[in-house]
Amino acid sequence: MKIDGNELCRKDLELNREGKPEEGLKYKMEFLKQVKESGMDHCNCPEACQHHGNCYECVIIHRSHRDHLPYCMWDILNEKLSGVSQLTEGSLLNYTKEEEFT
């Protein structure tokens, strides 16, 4: 079962953007049903912590300590930051704190 970029969720998002949230909800619920019925461990975190696979606990803990994002969110954030970085010709890769205000 594919989680990242799932077609059912993409359809849900598309319908929401078109102002059809009721129609989109059907796709979202079908996606969640399929995830649950698959019985697979969809957690891609390499750490074997006691919260592995329990998204609710993991996200709550990460939100509470505000130190870093859950591993499963890194790819999403990196993808978004890469797009923003391209606005300045990818110079974010070369950015250091020493250059911040010079």
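**Side chains that meet**

Author: Gladly! In this predicted model, Lys-11 and Glu-14 share helix α1 (residues 7-17), where they sit three residues apart, about one turn of the helix.

Reader: What kind of contact do the side chains of Lys-11 and Glu-14 make?

Author: A nitrogen of Lys and a carboxyl oxygen of Glu need to be within 4 Å to count. For Lys-11 and Glu-14 the N to O distance is 3.6 Å, so the contact qualifies as a salt bridge.

Reader: Is Glu-14 buried, partly exposed or exposed?

Author: Buried means under 20% relative accessible area and exposed means over 50%. Glu-14 has a relative accessible area of 37%, so it is partly exposed.

Reader: Which residue forms a salt bridge with Lys-20?

Author: The structure holds two salt bridges. In the one made by Lys-20, the closest N and O atoms are 3.4 Å apart. Lys-20 is partly exposed at 34%, and its partner, partly exposed at 44%, is Glu-18.

Reader: Why is the pair of Tyr-71 and Trp-74 described as tilted?

Author: There is one aromatic pair in the structure. The ring centres of Tyr-71 and Trp-74 lie 4.9 Å apart. Planes under 30 degrees apart count as stacked and over 60 as edge-to-face, with the rest tilted. The planes of this pair are therefore tilted, at 55°.

Reader: Which helix holds Tyr-71 and Trp-74?

Author: Tyr-71 is partly exposed at 33% relative accessibility, and Trp-74 is partly exposed at 41%. They are three residues apart, so about one helical turn separates them, in helix α4 (residues 71-85).

Definitions and conventions:
Residues numbered from 1 in each chain as written. Predicted model: local features only at pLDDT ≥ 70, side-chain atom pairs only at ≥ 80, totals over all residues. Heavy atoms only, no water. Phe/Tyr/Trp six-rings, centres within 6.5 Å; stacked < 30°, edge-to-face > 60°. Helix = DSSP H or I, 4+ residues; strand = E, 2+ residues; numbered from the N terminus. Buried < 20%, exposed > 50% of the residue type's maximum accessible area, 1.4 Å probe, protein only.
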